[in-house]
Amino acid sequence: MTAKTFSLLISGCLLSLLLWDTTYGDVNNKFSCGNATQRCEEFCSICNEYFGEATMECLSILFEHACRRHFDVTMASLNTTDWCIWGNVRGAYSNFSDCTEEISDCLLIPWPNPLVEQTFVEIHSMFFKDCPTEELSDPPPLIVFALVITPICLIPIMVNLVVLKTKNGDGSS
């Protein structure tokens, strides 16, 4: 048997194995699922049953039912004034983020993606829009006054120094 014939025989066997795996593999799932955990298999079977594949529409529905409802219930249990205190919402926010990442990983859809970004924007506009942001607040008036008045006071001093320097005439002092 020559090397070329042997190579063709090996290639044919590999092709047969690949076709067998896709044809006779898991008949219930038409697409690959991220991992073999119980929750992941549930998510994949939902997408398989209703959509035939892992689509963004399926991902959106899973986000709504598996993640968003729990987050909304947790936020509703807090007073609206407590929404702006990170210690009160950190757990729910982290769980929501983990949930969206888990579902995306299960369906082999990259995370973050435009749907995840849109979902988080919706959450922020619904729950956190009235929260003050310390990074964007103005400094105290005393500091603003000092920052404004300092250059104003330095300008006459600098002008006097230039005039004195040029009056001297020698330019060396």
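**Exercise 1. Decide whether Arg68 is buried, partly exposed or exposed.**

Step 1. Recall the cut-offs: buried means under 20% relative accessible area, exposed over 50%, and partly exposed in between (1.4 Å probe, protein chains only).

Step 2. Arg68 has a relative accessible area of 8%, so Arg68 is buried.

A word on the model before we go on. It is predicted, so local features need pLDDT of at least 70 and side-chain atom pairs count only at pLDDT 80 or more, while totals for chains, interfaces and linings use all residues. Residues are numbered from 1 along each chain as its sequence is written, and side-chain values use heavy atoms, leaving out hydrogens and water.

**Exercise 2. Find the salt-bridge partners of Arg68 and say where they sit.**

Step 1. Use the rule: a salt bridge is a side-chain nitrogen of Lys or Arg within 4 Å of a carboxyl oxygen of Asp or Glu.

Step 2. Start with Asp72, whose side chain meets that of Arg68 at 3.1 Å, N to O. Both residues are in helix H3 (residues 56–76), and because they are four residues apart, about one helical turn separates them. Helices here are DSSP runs (H or I, at least four residues; strands are E, at least two), numbered from the N terminus.

Step 3. Now take Glu122, which forms a salt bridge with Arg68 at 3.5 Å, N to O. Arg68 lies in helix H3 and Glu122 in helix H5 (residues 114–127), so this pair ties together parts that are 54 residues apart in sequence.

Step 4. Asp72 is partly exposed at 25%, and Glu122 is partly exposed at 35%.

**Exercise 3. Which residue forms a salt bridge with Arg39?**

Step 1. The partner is Glu102, with the closest N and O atoms 3.5 Å apart.

Step 2. Glu102 is in helix H4 (residues 86–106) and Arg39 in helix H2, so the pair links distant parts of the chain, 63 residues apart.

Step 3. Glu102, at 29% relative accessibility, counts as partly exposed, and so does Arg39 at 38%.

Step 4. By the salt-bridge rule, the count comes to three.

**Exercise 4. Describe the surroundings of Cys33.**

Step 1. Locate Cys33: it is in the loop between helix H1 (3–24) and helix H2 (38–51).

Step 2. At 21% relative accessibility, Cys33 counts as partly exposed.

Step 3. List its contacts (heavy atoms within 4.5 Å). Leaving aside residues up to four places away in sequence, Cys33 touches Cys40, Glu41, Cys44, Cys106 and Leu108.

Step 4. Finally, look at Leu107: its C-alpha atom is 5.7 Å from that of Cys33, although the two residues are 74 residues apart along the chain.
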